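Please keep the model open as you read.

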Amino acid sequence: MAETPQPPTRALVIGDGSWGTTLALHLARNGANVKLWSAFPDFAQELERTRENKRFLPGVPLPRELEVTADPHRAADGANLVVSVVPTQYLRGVALRFEDALGGNLAIVSATKGIEIETFKTPSQILVEVLGDRPVCVLTGPSHAEEVALQKPVALLAASADRELAQRVQGVFSSPYFRVYTHHDPLGAELAGALKNVIAIAAGISDGLGLGDNAKAALLTRGMVEIARYGRSRGASSQTFFGLAGFGDLVTTCCSRHSRNRAVGEAIGRGKSLADVLAGMKMVAEGVWTAKALFGPEADLGEVSMPIAEQVHAVLFDGKSPREAVLDLMTRTPTGEMDWLDGDFR
């Protein structure tokens, strides 16, 4: 029996940053009818006029077919797939602007990495809370917009409790340079994408202090353990954290010159204050706010040990010296490497 053909994709991409612009461009290249929504009318008009996002994705031309608008209703009109790419701390406010524009059953792809400080909710949880229960898929993995926009190879994860939606997202986004794997653990995928940014700040601090490759390798490895340990405590699968959403994204974010979170850490390791670093940034470094959220009351760490993340928080928000943080990590009570698993790897 022949499969029922899928209707043409009419996508709304919410968010005009580097990743939102790149995903809109990629979908347009894949033959989708795409509208890109900007929160700022003047910037939307500039993008429409210049066909280039000079602020967040300079040097990459936008096709004429890609429409840019700041009107939520115009952006959502006719859409059969929504892609949300809004920084987590602004997501709730933006979602409220679309409350009347998006139909109740319209699927949403969440491509944001982060945790809301006040609630410790993931981006997909925020979207469902504001816009109502609907199918949601998490698109995540090691992906710098600067490379994807130039059609360099990338592999991502489409994670959803709705298997058919994950497969649909896989089909819509897949191309010869854009490979997508489906996954069943959206919570784990989102926690991995958020928490690895905290470890990336630690990796940047290590680079800024000039601690070398040995220290950085240990930091990434033990940081991965912390992320997986916390994820499992929240009900996610440990295995998710050792795939593209966790290990893959961790390597990219901790090592790449494109990584904003690593750059924040490096600047702090070289002696700059967090306030000065953030004042000089155009884009959001989500790891800063994830570190803050992780040690807030809603994170519920309980007995979960996260010593690297704890030291990052102390350096960022308590004024602790980076070198003192390193010393405290290195002189902790010795433990076994795999003690956290307790024979249960899931």
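This is a predicted model: local features need pLDDT of at least 70, side-chain atom pairs count only at pLDDT 80 or more; totals for chains, interfaces and linings use all residues.

The report below starts with a helix pair and then turns to the pockets and the cavity.

On the H8 side, the contact is made by Val 198, Ile 199, Ile 201, Ala 202 and Ile 205. H14 contributes Ile 308, Ala 309, Val 312, Val 315 and Leu 316. Sorted by class, the contact of H8 with H14 has ten nonpolar residues, with no polar and no charged ones.

## The largest pocket

Next, have a look at the largest pocket, which holds about 1,100 Å³ of space. It has a lining of 42 residues, and those nearest its centre are Pro 87, Arg 260, Met 283, Val 284 and Glu 286. The elements that give two or more residues to this lining are helix H1 (18–29), helix H4 (88–97), helix H6 (145–148), H8, helix H10 (244–255), helix H11 (260–269) and helix H13 (286–294).

What classes of residue make up the lining of the largest pocket? The residues divide into 19 nonpolar, 14 polar and nine charged.

## The second largest pocket

The second largest pocket has a volume of about 770 Å³. Of the 30 residues in its lining, Arg 222, Ile 308, Leu 329, Met 330 and Arg 332 are the closest to the centre. Ile 308 also belongs to the H14 side of the contact with H8.

At least two lining residues are supplied by each of H8, helix H9 (213–233), H14 and helix H15 (322–330). The largest share of the lining, six residues, comes from H9. By class, the lining of this second largest pocket splits into 18 nonpolar, six polar and six charged residues.

Strand S6 (81–84), H4 and helix H5 (123–131) each supply at least two residues of the cavity lining. H4 gives the most, with three residues. The lining of the largest cavity has ten nonpolar residues, one polar and no charged.

Terms used: Residues are numbered from 1 along each chain as its sequence is written. Side-chain values use heavy atoms; hydrogens and water are left out. Contact means heavy atoms within 4.5 Å. Helices (H or I, at least four residues) and strands (E, at least two) are DSSP runs, numbered from the N terminus. Ala, Val, Leu, Ile, Met, Phe, Trp, Tyr, Cys and Pro count as nonpolar, Asp, Glu, Lys and Arg as charged, and the others, Gly among them, as polar. On a 1 Å grid over the protein atoms alone, a cavity is a set of points where a 1.4 Å probe fits but cannot get out, and a pocket is an open set with protein on both sides within 12 Å along at least five of seven lines; lining residues have an atom within 4 Å of a point. Grid points are joined across faces, edges and corners, and a volume is the space filled by probe spheres set on the points.
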